[in-house]
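This report is an introduction for a reader who is meeting the structure for the first time. Please look over the sequence and the model before reading on.

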Amino acid sequence: MTNFKTFSQKLDTELSEFAAYSWAQYKTEVIKDGKNFLTKSKEDLERWSKLLANGDLTPDDFEWLLAGKKDIAELTSLKRKGLSKVALDRFANGLIDTIVATAFKTYL
């Protein structure tokens with residue numbers, strides 16, 4: 001079974017790719033805000049990914065729980081760049097999608 005450290009390493013790579021591909025103009029800010037979100041969510045991510053890997057949490061439940069954490073994404077670096085609320089929401093949704101996809105690739 002894959003451990004959380006491996007998942008975290010894959011997630012760092014995926015976050016960098018997400019930033020470069022979808023947010024190239026704001027790559028530095030995206031990575032900074034994304035890592036801040038991951039740090040704040042670490043305990044929940046670790047617990048939920050373990051439950052997902054063990055089959056005690058469905059993929060839909062995992063995704064739903066993670067979507068509920070979107071509100072803690074402060075996105076301070078991107079806000080300083082003057083991005084609109086719509087753009088910030090698009091980033092937060094993309095970040096959640098990246099985490100979910102990485103978890104599914106890692107654990108399922």
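## How two helices pack

At what angle do helix α1 and helix α5 pack, and how far apart are their axes? In this predicted model, helix α1, which covers residues 4-22, packs against helix α5, residues 85-107, at an angle of about 140°, and the axes of the two helices are 9 Å apart. Angles over 145 degrees would count as roughly antiparallel and those from 65 to 115 as roughly perpendicular, so α1 is described as oblique to α5. The crossing of α1 and α5 is right-handed.

On the α1 side, the contact is made by Phe4, Phe7, Lys10, Leu11, Glu14, Leu15 and Phe18. Helix α5 contributes Phe91, Gly94, Leu95, Thr98, Ile99, Thr102, Ala103, Lys105, Thr106 and Tyr107 to this contact. Sorted by class, the residues in the contact of α1 with α5 are ten nonpolar, four polar and three charged.

When residues up to four places away in sequence are not counted, Thr106 touches Thr2, Phe7 and Lys10. Thr106 and Phe4 are 102 residues apart in sequence, yet from C-alpha to C-alpha they are 9.5 Å apart in space.

## The largest nonpolar core

In soluble globular proteins, nonpolar side chains tend to be buried together. The largest nonpolar core of this model has 31 residues, of which Trp23, Val30, Phe62, Leu66, Phe91 and Ile99 touch the most other members. Two or more residues of this core come from each of α1, α2 (27-54), α3 (59-68) and α5, and the largest share, nine residues, is given by α5.

Trp23 can be followed through its neighbours: leaving aside residues up to four places away in sequence, Trp23 touches Phe18, Val30, Leu83, Ala87, Arg90 and Phe91. Among these neighbours, Phe18 and Phe91 also take part in the contact between α1 and α5.

## A loop residue with a positive phi

Most residues other than glycine have a negative phi. Leu75 is not a glycine, but its phi is positive, at about 55°. This residue, Leu75, lies in the loop between α3 and α4, the latter covering residues 76-80. Is Leu75 buried or exposed? With a relative accessible area of 6%, Leu75 is buried.

Technical notes:
Residues are numbered from 1 along each chain as its sequence is written. This is a predicted model: local features need pLDDT of at least 70, side-chain atom pairs count only at pLDDT 80 or more; totals for chains, interfaces and linings use all residues. Side-chain values use heavy atoms; hydrogens and water are left out. Axes are lines fitted to C-alpha atoms, for helices over the stretch in contact, and angles run from 0 to 180 degrees between N-to-C directions. Helices (H or I, at least four residues) and strands (E, at least two) are DSSP runs, numbered from the N terminus. Angles under 35 degrees count as roughly parallel, over 145 as roughly antiparallel, 65 to 115 as roughly perpendicular and the rest as oblique. A crossing is left-handed if the near helix is turned anticlockwise from the far one by less than a right angle, and right-handed if clockwise. Contact means heavy atoms within 4.5 Å. Ala, Val, Leu, Ile, Met, Phe, Trp, Tyr, Cys and Pro count as nonpolar, Asp, Glu, Lys and Arg as charged, and the others, Gly among them, as polar. A nonpolar core is a set of buried Ala, Val, Leu, Ile, Met, Phe, Trp, Tyr and Cys residues joined through side-chain atoms within 4.5 Å. Buried means under 20% relative accessible area, exposed over 50%, partly exposed in between (1.4 Å probe, protein chains only).
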